[in-house]
Amino acid sequence: MSARWLSAYESDLPRIVSDLEALVRLESPSDDAERVTAVAHWIHDRLRERGVPAELRPCPPRGDAVLASVAYREGGTLLLGHLDTVWPAGTLAEMPWRLDAGRASGPGVFDMKAGIAVGMAVLGAMLRESRAQPISLLLVPDEEVGSEASRELTVSVARRHRRVLVLEPSQDGAAKVARKGCGVFHVRFRGRAAHAGLEPEKGASALVELSRFVSFLDGLAAPERGTTLTATVARAGSVSNVVPEAAELTVDARAWSRAEAERVTAGIGGYRPTVEGVSFGLEGGFDRPPLEPTTACNELYALARRLAEDLGFELGAARVGGASDGNFVAAAGIPTLDGLGPRGGGAHARDEHVLVADLPVRAALVAALVSEP
Ligand SMILES: [Zn+2]
């Protein structure tokens, strides 16, 4: 069965590659709603030309999302992905689309325009199946910047499906079965300014308090369990001879489990300054819950692994620190398997590329998964 899919997608490869080229040439930085929407329109129009029902869903203030379905009824499979990339407009001039030695390269090719091209191919093929299982494809405009504008849409669409396959890049070919939850905390300290020479004792240093807070974070983190708290941006003080009145700090927080995310959130929230006269303010928190594999997630992975074997390859399982929209849908209780996009490398890096020969293989795997009742 899987082998039949593979030969079909191998014949379809020229079109998959030309779709991929068009997608890479349409640059789509997250902060440019117009460009992201242009990609949404391009996909929407191609799918409709090919007979796949598709619609656009505005996600203000970001761009449009695309939602397409074949044989739609509740309880099908949802393919999930994103239209935006981390590359600013104009990157294509320095990092052009290239097809060379079995690799396709260009901005966003791996994360995740190759996944989009695969999703489009699978929908097209399902249309030609007489007994196609219901399948939908949702592509959102703002995943790289936290999916605030699309999160509700993603979860509400996902709830009408019985499983979600995320077409984000694979990890050296492996599926992503667990992802850390992540968040950003913004911490502000307010003390009292004083002349550093005349009467420093009258000051209350927000900077000294900030440094104590950074040490406190070290105690709260549990890197052996994968719970990391990384102080990333700090600002304090005004001029060289004044005790700093204000200081602020940004903290990147990540954890494998919801329990750890809650422990860290409570810990930071309960912090009490020890420099007398310094107050403490807090904003932010975990905005993506961890993708913690449930039994249903593990079963979905086991199924994918078996189908991959039929296609002649071993589908590994990776646990990764970065989050995706898979985190939201898994946390909503929907069986999810992430990282089903093609092999490649250099996500968010100058050598970003995908292996062209893997495009039909991944499409065949996704089609085989979708066809499992
Ligand atoms: Zn991505």
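Visitor: Does Ser-215 count as buried, partly exposed or exposed, and why?

Guide: Buried means under 20% relative accessible area, exposed over 50%, and partly exposed in between, with a 1.4 Å probe and protein chains only. Ser-215 counts as partly exposed because its relative accessibility is 49%. This is a predicted model, in which local features need pLDDT of at least 70, side-chain atom pairs count only at pLDDT 80 or more, and totals for chains, interfaces and linings use all residues. Residues are numbered from 1 along each chain as its sequence is written, and side-chain values use heavy atoms, with hydrogens and water left out.

Visitor: Which residues coordinate the zinc ion?

Guide: Donors are N, O and S atoms within 2.8 Å of the metal (3.2 Å for Na, K and Ca); water is not among the atoms, so sites may look incomplete. Here His-82 (NE2), Asp-111 (OD) and Glu-168 (OE) coordinate the zinc ion at 1.9 to 2.1 Å. Along the chain, the donors follow the spacing H-x28-D-x56-E. Both His-82 and Asp-111 are buried.

Visitor: At what angle do helix H3 and helix H5 pack?

Guide: Helices (H or I, at least four residues) are DSSP runs, numbered from the N terminus. Axes are lines fitted to C-alpha atoms, for helices over the stretch in contact, and angles run from 0 to 180 degrees between N-to-C directions. Helix H3 (residues 33-49) and helix H5 (residues 109-127) pack at about 20 degrees, with axes 11 Å apart.

Visitor: Which residues of H3 and H5 meet?

Guide: Contact means heavy atoms within 4.5 Å. Val-39, Trp-42, Ile-43, Arg-46 and Leu-47 of H3 meet Lys-113, Ile-116 and Met-120 of H5.

Methods. Helices (H or I, at least four residues) and strands (E, at least two) are DSSP runs, numbered from the N terminus.
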